Amino acid sequence: MRPALGWILLALVAPLPAQDRLLLRAGWHFGRAQADGARPADDGWRTLTLPATFEDHEGPGFDGIGWYRLQVPLDPAWRGRRIRVRFGAAATAATVFVNGREVGSHLGAWTPFRVEIQDALRYDGADLLEVRLDEKVGHNTQGFHPIVQPHFGGLWQDVTLHADAVPQLDPDALHTFADGATGTLHVEAPILPGLAPEPLRLRVRVLDGARSVSEVEVECAAGAAVRADLPVAHPRLWSPAAPHRYRVELSLLAAGQDRIYAQETRRVGFRSLRRDGTTLLWNGTPLQVRGMLHWGYEPPRTAPLLPAAHWRRQFEDLQAMGFNLVKACLWLPPREFYEAADEVGLLVWQEYPTWHPKMTPEHRDDLLREYREFHLHDRSHPSVAFRSLTCETGHGADLGVIRALYEQAHALVRNSLVVDDSSWITWHRVHDFYDDHPYGNNRPWPGRLRSFREHIAARTPMPLLLGEAITGGSWFDLAAWERAHGQDQPWWAPRCLAAQRAYEAWFRTRFGDETLAALAPDSLAYTMRNRKYQVERFRLDLPDAGYVVSVLRDVPLARMGVFDTFGHAKWQAADWGWQGDTMLCLDTPGDRRAFPAGTIDVPVRVSHFGAGEARGRLILESVAARAEFPVRLAPGRVSEPFVLRLPARASEVPERIAVRASLQGSHPAENRWELWVLPADAIQAGDVRMVDRIDAETLAFLEKGGRALLRAGERRGSLRTREHMYYRGAPFTPPHPIHARLPAPFLKELQTFDLEGPRVLESTHLRDEVDPILALWDTHDLAEVRTWFLAWETRVGEGRLLATTLDHGTPAGAFVLARLLAHLQDGPAPRSALSQATLGKLQADLSAGVLDLEEWQMRTDPDDQGSAGGFAAGTTPDEGWRPMRAGAHWERQGVPQYDGVAWYRIAVTPPASWQGRKVTAVFEGVDDSYRLYVNGVEVARFGDPERKETVWLQRTTADVTAHLRPGETNRIVLRVVDHNGAGGIWRPAFLTDGPVDQPRELLH
């Protein structure tokens, strides 16, 4: 009697004799390994059902080695057959035993493998299958999951027992690819041996619905791979717009008879992909890639094993938003993922799961084995078109290893474009297209795009795909979370959850319920507005390039998803209605959104991709004007501007004007923009001082009743500011009397356009002592909620201070400046005031002596010879040294793609008055670790390159009193080690005779 409990017999359609399949799900026992990795003690086992991850039954904190046991359900009639166990996936290093005898092993968390066990079986009713499984946190192909969720291990896909008396097709290595350029189906079918070798034949049929369109039979033998090419006349092509698929039936038969040994069915789509210079051609038509980044993050699951229906719904939602590609970023999806993409017509960019790996010669063979399995897993799907071998790894990856992986990919995969490193455009070495990850603000965006054009123009023309870009955060719905989870904090809870509870309580008390309630909708409007702008500008400046938006779903580190923590879409599909093959893009000078009153020219251009010529009429309209234009545009082209001439009258406050665009005809498209009309205000400072720093005289002026407007920046003496990426959060506008002159929507909508400056005011010590006019919240990659200010005012003694980091060099910025000055002159006094403690800190900051360390010399030292060469003394000849400014990574100053040792040196003369006083060297940020020398003497070490301990986000200080000679020339030297990524003295550095227990709290 065959055991039944816990095993599922897979039904097979006759006539398939001498085959049995058992799905091994229930009846397993699991135990944590002993300290040395050995089997658990006899009482250390628990019963469980597969598939499951370690984290499912051991908790999300388990990262170790586990053992599985199962009494193998054997039928005595199987004696003499080949008995194979197939593992769908085992994370990460598996060793398989039967009756205590090792029968196989496998390294890699993502792909299937099998072991033959017949030689170890006893058929005594007690045959024991065991799997020792090491999760191996930190393994080269663990991917990005450990960054956004618990690292997972375990038998997370099905385990199946195969009992075969006859040869079988190997479903895991079976390859079917339909070449749309030639109309040829390429088949590669490895055959697993049965009990004895015998002549075989493989029959392949291609069916379009019920109709057979091609058929072939090929003689073959067990233990070999049979190859066949089937012509299909005039095949219907697979594309995102029309994902037509054919069914392929493969039958393995005994030679000379119709006895069927094995059958497999596959779905294929005929398609072609090639590049023509910088243009991608899909089935010969220009392709514009609009992708969504997907980290395989699907809580509460730790492993991404979901049914095809889940992926299908997800992909249909993305298509409704105008996306035509999903990037599987640093994970390998199950087959159901690819099959759903094939079915709905969503392209796939497969990025293999190596993030900051060790791609060195000693790992070459393991990497080649794992990548070969990756390609066998994904290569038959028409949707999978692009592949990246790694992500943001840089030149730390050995070129020989990268080249071997690249060549293997092209040998195994047909009609695919491969990039060595999805990272930054200057890092590529072996690639079929360019890639970049240009996360950033709106103001520098056109410059970034221009730099891409220039880079490509100087090299081999290839297409450009932004592998990650165009993101933005949203305010987390704390009330919805607490309705669902109460005070619980499962692993997928936002990292800032506890801090947000406290922040909302403070925020409500400080600014009121209405302002708090606006955070979420304002953030959604803000993020969509910025994403939409960056996509439009991209379509105009690099019309044949593609982009991938970050990211599909919110993760604990950041609320940057298109879907929220609960898996719900943040925007309706209609909100994305502007995105598609054919797009209407605003093209105002300087990307302005605000204009002086008068006649405003609003230029709109058409970007067209997809099948066929776009023919129709473009309608541009607002409440005050309407224009209509004929359009005729070939695929892959961008039109000249169509201009709507808009009369706009002046008013007392800025007025919003909506402009709508509609393309009617063969390729319908729509878009809409909000513009602002500015009143004509002249800047009149009156008695208000405009300053760019705080000094003792300005502070005294304020305390005696003066009024000052500070244009804050990174200058010495300015209130502390920092550069900021605006995708990290969104703006808010607490109630303030100035909003009668400067409407809150006006400030929020123009903050990342006409008013965008690169810096924000720090709020740590002033949050409750100023009245914000325009502020930002920030939870990106934080366990707290931070507040940044763009404009605020406060009382200082008897006077008033208003600070701003907004750009006042544009027409809108000049208008805002005029209104800020007018408010300082005649507006109501601020409610808040700087405390006596804060004023004392200002006085202390002003009294401290500071010597900036700005202009250095720098020299790379890839062979680490500088210590022996006397670099620490700072007196070697200038040859080989280059100017380098503190405050920016060396990659931004002409030293791209360099990881390793570099030296910085500077000669300074501290004031003679510092003699006898304690002097401290302060470095606000050095990436990644460094040694500090003063006049040839090592003073301190920070970070450790051997243990990869970095101080790049830490402020470091060193007492240099004993080694510094005030009044004389001194030489300060840093030996910097960049572990990976960017490097150098990327934040300010200085010497001071003042207190440094904390950073200067208020002033630069």
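**Notebook: strand β46 and the cores**

I began at the end of a strand: Val 796 stands opposite Gly 799 in β47. A reminder to myself that this is a predicted model.

The pairing of β46 with β47 (residues 799-804) is antiparallel and runs over 6 bridges.

Which other strands pair with β46? I found β45 (residues 771-778), antiparallel to β46 over 7 bridges; here Pro 772 has Trp 792 as its bridge partner. I also found β44 (residues 759-762), again antiparallel to β46, over 2 bridges. In that pairing, Leu 761 stands opposite Phe 789.

Is β46 mostly covered or mostly open? I noted it as mostly covered, since 9 of the 11 residues in β46 (residues 786-796) are buried.

Next I turned to the nonpolar cores. The largest has 72 residues, and the ones with the most contacts inside it are Phe 315, Leu 318, Phe 337 and Leu 464. Helix α6 (residues 399-412) gives the most to this core, with 6 residues. Apart from this core lies another, of 63 residues, which includes Ile 694, Ala 730, Leu 766 and Leu 806.

Last, I picked Leu 318 and asked what it touches beyond its neighbours within four places in sequence. My list for Leu 318 reads Met 292, Phe 323, Val 326, Leu 346, Leu 552 and Phe 563.

Definitions and conventions. Residues numbered from 1 in each chain as written. Predicted model: local features only at pLDDT ≥ 70, side-chain atom pairs only at ≥ 80, totals over all residues. Heavy atoms only, no water. Core = buried A, V, L, I, M, F, W, Y, C linked by side-chain atoms within 4.5 Å. Buried < 20%, exposed > 50% of the residue type's maximum accessible area, 1.4 Å probe, protein only. Helix = DSSP H or I, 4+ residues; strand = E, 2+ residues; numbered from the N terminus. Contact = heavy atoms within 4.5 Å. Pairing = 2+ DSSP bridges.
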